[in-house]
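Colleague: I want to learn how to read aromatic rings in a model. Can you take me through some cases?

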Amino acid sequence: MPVIAFGTGSKWKGQDVTDYVIQAIETGFSHLDTAQWYQTEDSVGRAIRDTGLDRTELFITTKWSGLTTIPEAINHSLEQIGVKQVDLYLIHNPAVIKGSVEDVWREFEAIKESGLAKSIGVSNFNLKQLQDLVKVAKVKPAVNQIFFHPYNYAEHKELLEFSAKHGIVTEAYSSLAPITRYPGGAVDKPVQAAAKRLNATPTQVILSWVKAKGVVIVTTSSTKAHLQEYLDVADLSPLTDEEIAAIDEAGAKGPPNAMMTSLSRKRHFLALAVLFQLLFLLYRTW
């Protein structure tokens, strides 16, 4: 499994992502992530056909989101993407399970046995839910895809350890939350310090931290430069143990609260307003 994937998730729900997927593939992504819920499987398939790549050159993940029966979902997904088999098929969220997880998992095991999916797994399962599944599974889930970043690492540590013990790969989505959702928090300082040492961006440092945890990255962008920035993480020197520990420690303090985040953004906009006013005054003087 490629260690970084291009996601066509919530940001893109219901949109035509054909051009963005083509751009991701041309930039160097070979792992594509979609889902029944996203309503992007058709444009992912269109992008794959437009690139002309051989099926073996791509790793395709999709998910059952509970909108139909499982057999209907996998067959429709394969038809939409235009392939005979996906590499990975996930239960999108335990909340979509009606009845027992064992019954649902038996249907997933049948999908794997029939060859419609090479591997099967789950998404958004917590430790107890994953433990319960492993107890009844004949085929263990290959993957658990979760919301994972430095601010929730402490609460997910046992989950990661359990997954590693049972050979379950952890995938992470929205790992850039310290930048996109929680700017101005405790994680910023150690991330910036590592970025300075590595001559890298804060984004690359956070993705390097995810990589250091042995976790597969699922990310997205409409911008080619950002996609390249993500892929370039593979060429960076690894974070030191001290840098990883510093990010862990800062993350354990939790994200800045909504009020502090709002104040941070207001300070940012105020600084921009002051800068523009100064430039305007200088322009008038000149």
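Colleague: Which residue lies over the face of Trp37?

Modeller: Lys13 does, at 4.3 Å from the ring centre. Keep in mind that this model is predicted.

Colleague: How many aromatic pairs does the structure hold?

Modeller: It holds 10 aromatic pairs. A pair of rings is described by the distance of the centres and the angle of the planes. Take Phe6 and Phe29: their ring centres are 6.0 Å apart and their planes stand at 70°, so this pair is edge-to-face, as the angle is over 60 degrees.

Colleague: Where do Phe6 and Phe29 sit in the chain?

Modeller: Phe6 is in strand S1, residues 4-7. Phe29 is in the loop between helix H1 (18-27) and strand S2 (31-33). They are 23 residues apart, and the pair links distant parts of the chain.

Colleague: Are Phe6 and Phe29 buried or exposed?

Modeller: Phe6 is buried, and Phe29 is too.

Colleague: What about the rings of Tyr89 and Phe108?

Modeller: Their centres lie 5.0 Å apart with planes at 15°, so the pair is stacked. Tyr89 belongs to strand S4 (residues 86-91) and Phe108 to helix H4 (residues 101-114), so the pair ties together parts 19 residues apart in sequence. Tyr89 and Phe108 are both buried.

Colleague: Which residues do ring pairs link into a cluster with Tyr89 and Phe108?

Modeller: Trp64 and Trp105 join them in that cluster.

Colleague: What pLDDT does the chain average?

Modeller: The average is 92, and 90% of the residues score at least 70. Over residues 258-285, pLDDT stays under 50. For that stretch the model has 8 contacts beyond four places in sequence.

Definitions and conventions. Residues numbered from 1 in each chain as written. Predicted model: local features only at pLDDT ≥ 70, side-chain atom pairs only at ≥ 80, totals over all residues. Heavy atoms only, no water. Phe/Tyr/Trp six-rings, centres within 6.5 Å; stacked < 30°, edge-to-face > 60°. Helix = DSSP H or I, 4+ residues; strand = E, 2+ residues; numbered from the N terminus. Buried < 20%, exposed > 50% of the residue type's maximum accessible area, 1.4 Å probe, protein only. Lys NZ or Arg CZ within 6 Å of the ring centre and 35° of its normal. pLDDT = per-residue confidence, 0-100. Contact = heavy atoms within 4.5 Å.
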